[in-house]
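Open the structure in a viewer and keep the selection panel at hand. The stops below say what to select next and what is there.

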Amino acid sequence: MARTTWLSLLVAIILLGLPASGAVNAVAADEQVLRVLGQDPPTLDPQLSGDSASAEYIVEIFSGLVTFDQDLKPVPDLAEWWQISEDGRVYTFHLRQNARFHNGKPVRAQDFKYSFERACDPATASFTADTYLGDIVGCRDKLAHHANEVQGVEVVDDHTLRITIDQPRVYFLSKLSFPASFVLDQENIERGGDTWTDQPNGTGPFKLAEIQLGERIILERNDDYYREPKPQLERIEFELAGGSAMVRYEQDELDMIQVGMNDIERVTDPNNPLNQELRQVESLGVFYIEFNVNQPPFDDVKVRQAFNHALDRSRIINVVYKKTRPVAWGIIPPSMPNYDNPDLKPLEFDPDLARELIAESKYGDVSEFPDITFQVLGAGGATGRVIEAIVASYKDNLGVDIEVQQTDWATFLTDLNRPDNTNQMWGGEAGWIADYPDPHNFLDVLFRCGSSQNHSHYCNPAVDKLLDEAAREQDNTKRERIYRQVEQIIVDEAPWVPLFFEVEYWLVKPYVKNAYLPPMIMPKFQYYYLEH
Amino acid sequence: MLAYLVRRLLWLPALLVIVAFITFALGYYGPGDPMAALLGPRYNKEVAARLAHQYGFDRPFLEQFFNYVQRVVRLDFGESIKYRHQPVTRLLGPRLAITLQLNAASSFIGVVVGIGLGMLAAWRRGQLVDRIIIFGVMLGRAIPTFVAGPILLLVFARSIPLLPPGGWDGLFSPSAVLPVLLLSLGPMAIFARQTRAGMIEVMREDYIRTARAKGLTEKTIIVVHALRNAFIPLLTILGFLLGSLVEGTFLTETIFGIPGMGLLAFESLTGRDFPVIIAITLLVAVGYAMGNLWADMLYGVVDPRIRRA
């Protein structure tokens, strides 16, 4: 009896401790509070971040000289306007007089000087400074301990900053929109030590109000934000935990969610009420199979072309991704601003041509191929359906047996980055998402001879020459023409089999107005407001 | 007993050094570079070398290991690689608290309900109640978490929206009900089966027959004489259960979106976040060592003969 009583008491305590279910995430209807899902940010230090989870918050809390408008055009942010010298190397930025940090302190050119010096200081250990600020004269020298100062960043006066880059680079302004270039408050960092990001003094449209890793992050409106559009949301609550996003959205616990593949069919069904709330965003991302052009049999361009022609991409992508992603025939996503390549001649599905190309290759026949291993991402389970379909297609259309090797993220990347990487082909469910909306971020970064991200080891000096020309070219039409030419050469020489361009699907409650969903990470919540 | 306890506690540091050494060696010699995981697609070998130097990963294995042990002695587990400049203890603390609550509550319910059901099944051995209990607990145990979790969510969060579909608002909140229930099914089945088997065996013993012959009531016989002896094999299982209190439950935490140790452990493994991985491994080792120590001490409480030995 005593035990029964004790158990009853425990159950009673538990039941009494239960708040009403509806109380979770309850927000008054007239409040401007947006509830979304988030991920744990590895850091909120703009100079240490390189991942999308961190950048999502950083772009709202901090800001820099340049940002993008909704057409992905670089527009002034903390800089009110700028001048570019005739030789395209010197940028003079005139800062806004009304720009202030969250604590009210005015933003001065000296703050930018401090921020760039810190980013290029090897002690900071920023791994994005090299990529995004490396064009600035002196940054790479400082990163390599060869200089104490970034000579290319000069304070002209409190509100004028001059930046000199090593050679004309049309895309340089786009790079300045990346978090590594954001302005930081020296006092905030020096007082806060290693954990200064617990209370960051940023300049962005929102301030960090609360951070509980694994639980929630709350951003509050910055009422002194310096430019239009001024943020209207009072608060953004990012839930970092919490089970099924779809169920929570349907129970009105979240105001917007990204839809996963499992729910795609449901929400794209026009008869489903949720379909009215569905939004589609073409991201600046491409997924592909990559060949190691130094390894047989992919050291022969005809074999690589044959592997392009032998894959029925349309069928595979439309079946596996349920017609939710466009098939990629080229390298650059169609959502890229100021770029289009309507005359691109793709390597279309043609198994007969594929077999002919193999016969013409130095191998003559697939029986002369060495064993082929296809390295894919995974954690020990079954491979994805795309991978299965790719392997089956090559077996059916070329008679090639391909062995799939599944490795986790760290091993996959380690292998890829080894200079003596002997893997032959990889990818399928791995891709590249742009950091800035410029063809340079695809063609130059991924295909230039010796580039760190050029894992295929593809190298064509003629392509590099065109890439140099494009980087210098100020005329957008001429520049687009050069990049079109480069894209065609790369498609023809086939270090990749492009598979599909990334598309995101979002559900957004009808009362969330002006819900701009950009194709890449950039500040967006300042556009939003709620109308219940 | 005290000497035994001291001896066991003295072994603990040696055990931890061995566990740390094995984990360290696996990380050092195993595939996957933490810098590659950290830098991702932005990998650049100069930057990777600079970062590796900063984290001390370019030093010889033994030097790295001894430096680590020296720091751990001062309870400094270093900084996470993925969560930059975040001390490991700061990352683990809140997650450990959640995992401990979750596991403690589910273990408690599992053990108490399991023993109760086991006793009832033994008492009604061969009858319908016995069969229903054993079938029920084994069914709960047999359905994998990745099936049972979504079913519970579907029923109690979607079809009959009584409970939230996930998250963690504390142990005494609706968000804890489903994960605690799901996690309690495992220990419940084990304890019900073991209690039933132990009780049936003990009930056949001569001293039970003697107790019956003395005219004691069935309840006194079960509670005073049978249960105590049936408990001894259960304590070994309890030791392991106590040890697992600090262990994350990755599947359950993922399904219900609970920010506990399981998710952190999984992220750390895939991201080669060695300082976090080693700290979690050591914590789990301490958990098991202490859990078994408690179980050994409880043997003495339940059976005085062991205490005297």
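Angles on this tour run from 0 to 180 degrees between N-to-C directions, and the axes behind them are lines fitted to C-alpha atoms, for helices over the stretch in contact. The model is predicted.

**Stop 1: a helix across a sheet in chain A**

Select helix 3 of chain A, residues 109-119. Helix 3 of chain A lies across strand 5, strand 6 and strand 7 (160-164) of chain A. Relative to strand 6 of chain A, helix 3 runs at about 170 degrees.

Four strands of chain A make up an open sheet in the order 4-5-7-6, with antiparallel pairing. Which strands are at the edges? The edge strands are strand 4 (79-84) and strand 6 (153-157) of chain A, each of which pairs on one side only. On average, neighbouring strands of this sheet are turned by 25 degrees against each other, direction ignored.

Zoom in on strand 4 and strand 5 (residues 90-95) of chain A: the two run antiparallel and are joined by five bridges. To find one of the pairs, pick A79(A), whose bridge partner in strand 5 of chain A is L95(A).

**Stop 2: a hairpin and the strand beside it**

Move along chain A to strand 8 (residues 206-212) and strand 9 (residues 216-221), which pair in the antiparallel sense over six bridges. Here E210(A) stands opposite I218(A) in strand 9 of chain A. Strand 8 and strand 9 of chain A form a hairpin, and three residues lie between them. Click on G214(A) in the turn: its phi is positive, about 85 degrees.

Next, show strand 10 of chain A, residues 235-239. Strand 10 and strand 9 of chain A run antiparallel and are joined by five bridges. L219(A) has I236(A) in strand 10 of chain A as its bridge partner.

Keep strand 8 and strand 9 in view and select helix 2 of chain A, residues 52-61. Which residues of helix 2 of chain A are buried? They are S54(A), Y57(A), I58(A), V59(A), E60(A) and I61(A). Strand 8 and strand 9 of chain A are included in what covers the buried residues of this helix.

**Stop 3: backbone details in the loops**

Start with P229(A), in the loop between strand 9 and strand 10 of chain A. The peptide bond joining E228(A) and P229(A) is cis, with omega about -10 degrees.

Go on to P297(A), which lies in the loop between strand 12 (278-291) and helix 10 (301-309) of chain A. The bond from P296(A) to P297(A) is also a cis peptide bond, and its omega is near 5 degrees.

Then select N338(A), in the loop between helix 11 (313-320) and helix 12 (351-360) of chain A. N338(A) has a phi near 55 degrees, a positive value in a residue other than glycine. Is N338(A) buried or partly exposed? With 15 other C-beta atoms within 10 Å, N338(A) is partly exposed.

L75(B) is found in the loop between helix 4 (61-73) and helix 5 of chain B. L75(B) is exposed, as 7 other C-beta atoms lie within 10 Å.

**Stop 4: chain B as a whole**

Hide chain A and look at chain B. How many helices and strands does chain B have? There are 14 helices and zero strands in chain B. The C-alpha trace of chain B spans about 85 × 60 × 30 Å along its principal axes. Chain B has 309 residues, of which 39% count as buried. Among contacts in chain B with a separation of 6 or more, 72% are between residues 24 or more positions apart.

**Stop 5: where the chains meet**

Bring chain A back. On chain B, 48 residues are in contact with 44 residues of chain A. The elements that give two or more residues to this side of chain B are helix 2 (34-39), helix 3 (45-55), helix 5 (88-123), helix 7 (145-159) and helix 11 (250-256) of chain B. Colour helix 3 of chain B to see the largest share of that side, five residues. By type, the residues of chain B that touch chain A divide into 27 nonpolar, 11 polar and 10 charged.

Notes. Residues are numbered from 1 along each chain as its sequence is written. Chains are lettered from A and ligands numbered from 1 in the order in which they are written. This is a predicted model: local features need pLDDT of at least 70, side-chain atom pairs count only at pLDDT 80 or more; totals for chains, interfaces and linings use all residues. Two residues are in contact if their C-beta atoms, placed from the backbone, lie within 7 Å. Ala, Val, Leu, Ile, Met, Phe, Trp, Tyr, Cys and Pro count as nonpolar, Asp, Glu, Lys and Arg as charged, and the others, Gly among them, as polar. Two strands pair if DSSP finds at least two bridges between them. A residue is buried if 20 or more other C-beta atoms lie within 10 Å of its own, exposed if 12 or fewer, and partly exposed in between; C-beta atoms are placed from the backbone.
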